[in-house]
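Here is a short tour of one protein chain. Keep the structure in view and follow the headings in order.

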Amino acid sequence: MKRVALFITCVNDALFPEAPKAVVRILERLGYEVDFPAAQTCCGQMHANSGYKNDAARLARSFDEVFGGYDAIVTPSGSCAAMARDQYPHLTGSDIGQRVHELAEFLVDVAGVEDVGAHFPHSVTYHPTCHGTRALGLGDKPLRLLRAVGGIDLVDLPAADQCCGFGGTFALKNSEVSSAMLADKCRNAAATGAEYLAAADNSCLTHIGGGISRSGGPKPIHYAEILASTA
């Protein structure tokens, strides 16, 4: 039995537990034993991005202590995976980020799998989040996984590579710009006519979902939930 650790992240822990549960179902279906280290905490991304480097470093050291014994750490969050990989070396000198994999990275690059045995008979459009695209270089890995899902109707999202305007604290500090970017993203999502809008980060989906709730459009869903579905 192959063994991996699950890093669920703060947003998922507090608001979207179905996404990490979906990751467990996918990995167990593929023959992995999934550990959940209960002592895990925030990765420190919000602290680092807001200038609280000492607090971020403390959380990075905690992450190292909790996950240091695992060769592979899987997370349903491109932004948190990018935090560990890009910023931990500068904060603490740790290279543990090289063992942290966003779900699509792990499935395609480590497990060598694109068809995870999913079935989801719905129309879906996919938003590639900024950290996954620009920091991790996920490329089309999530789309390759989604294309292999049985029954799915995958619809292209216009201007897919444009940011949704969330950016964590950016949406708070630059609310007018953020709102304008969100309006563009929601308009493009609605234009697809898809039932669902999938992405790799529930933080971005929260932002987009707020806009869609007011203007109309597809239902936000983490793509792990699609990959976990066999209905």
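## The largest pocket

The largest pocket has about 720 Å³ of volume. This is a predicted model. The pocket is lined by 29 residues. Closest to its centre are Q45, S79, F166, G168 and S203.

Helix 1, helix 3 (45-49), helix 5 (78-91), helix 7 (130-135) and helix 11 (202-215) each give at least two residues. Which helix gives the most to the lining of the largest pocket? Helix 11 does, with five residues. By class, the lining of the largest pocket splits into 13 nonpolar residues, 15 polar residues and one charged residue.

## A closed space

Rolling a probe the size of a water molecule over the atoms shows where empty space is left. For cavities of 30 Å³ or more, the count is one. The largest cavity holds about 40 Å³ of space.

Which residues line the largest cavity? They are Y126, P128, T129, G132, T133, L138, G139 and P142. The lining of the largest cavity has four nonpolar and four polar residues.

## Aromatic pairs

The count of aromatic pairs comes to seven. One of them joins F7 and F63. Their ring centres are 5.1 Å apart, and their planes meet at 90°. An angle over 60 degrees counts as edge-to-face, so the F7 and F63 pair is edge-to-face. This pair links distant parts of the chain, 56 residues apart. F7 sits in the loop between strand 1 (2-6) and helix 1 (10-14). F63 belongs to helix 4 (residues 53-67). F7 is at 1% relative accessibility, so F7 counts as buried. F63 is at 4%, so F63 counts as buried too.

F7 also pairs with F67. Here the rings lie 5.8 Å apart, centre to centre. The angle between the planes is 75°, and the pair is edge-to-face. Again distant parts of the chain are linked: F7 is in the loop between strand 1 and helix 1, and F67 is in helix 4, 60 residues away. F67 has a relative accessible area of 1%, so F67 is buried. Ring pairs draw F7, F63, F67 and Y88 into a cluster.

## A charge over a ring

The charged end of K2 sits over the ring of Y32. The distance to the ring centre is 4.3 Å.

## Salt bridges

Side chains of opposite charge can pair when their charged atoms come close. How many salt bridges does a search of the whole structure find? The search finds eight.

One of the salt bridges is between the side chains of D55 and R58, at 3.9 Å from N to O. Both residues lie in helix 4. They are three residues apart, so about one helical turn separates them. D55 is partly exposed, at 30% relative accessibility. R58 is partly exposed as well, at 46%.

## Bridges across the chain

K141 and D109 meet through their side chains at 2.6 Å, N to O. K141 lies in helix 8 (residues 141-147), while D109 lies in helix 6 (residues 103-110). The pair links distant parts of the chain, 32 residues apart. K141 is at 15% relative accessibility, so K141 counts as buried. D109 is partly exposed, with a relative accessible area of 46%.

R144 and E114 also form a salt bridge, at 2.7 Å from N to O. R144 is in helix 8, and E114 is in the loop between helix 6 and strand 5 (123-126), so the pair ties together parts 30 residues apart in sequence. R144 is partly exposed at 27%. E114 is partly exposed at 34%. Salt bridges with shared partners join E114, D140 and R144 into one network.

Methods
Residues numbered from 1 in each chain as written. Predicted model: local features only at pLDDT ≥ 70, side-chain atom pairs only at ≥ 80, totals over all residues. Heavy atoms only, no water. 1 Å grid on protein atoms, 1.4 Å probe; cavity = no way out; pocket = protein on both sides within 12 Å on 5 of 7 lines; lining within 4 Å. Points joined across faces, edges and corners; volume = space filled by probe spheres on them. Nonpolar A, V, L, I, M, F, W, Y, C, P; charged D, E, K, R; others polar. Phe/Tyr/Trp six-rings, centres within 6.5 Å; stacked < 30°, edge-to-face > 60°. Helix = DSSP H or I, 4+ residues; strand = E, 2+ residues; numbered from the N terminus. Buried < 20%, exposed > 50% of the residue type's maximum accessible area, 1.4 Å probe, protein only. Lys NZ or Arg CZ within 6 Å of the ring centre and 35° of its normal. Salt bridge = Lys/Arg side-chain N within 4 Å of Asp/Glu carboxyl O.
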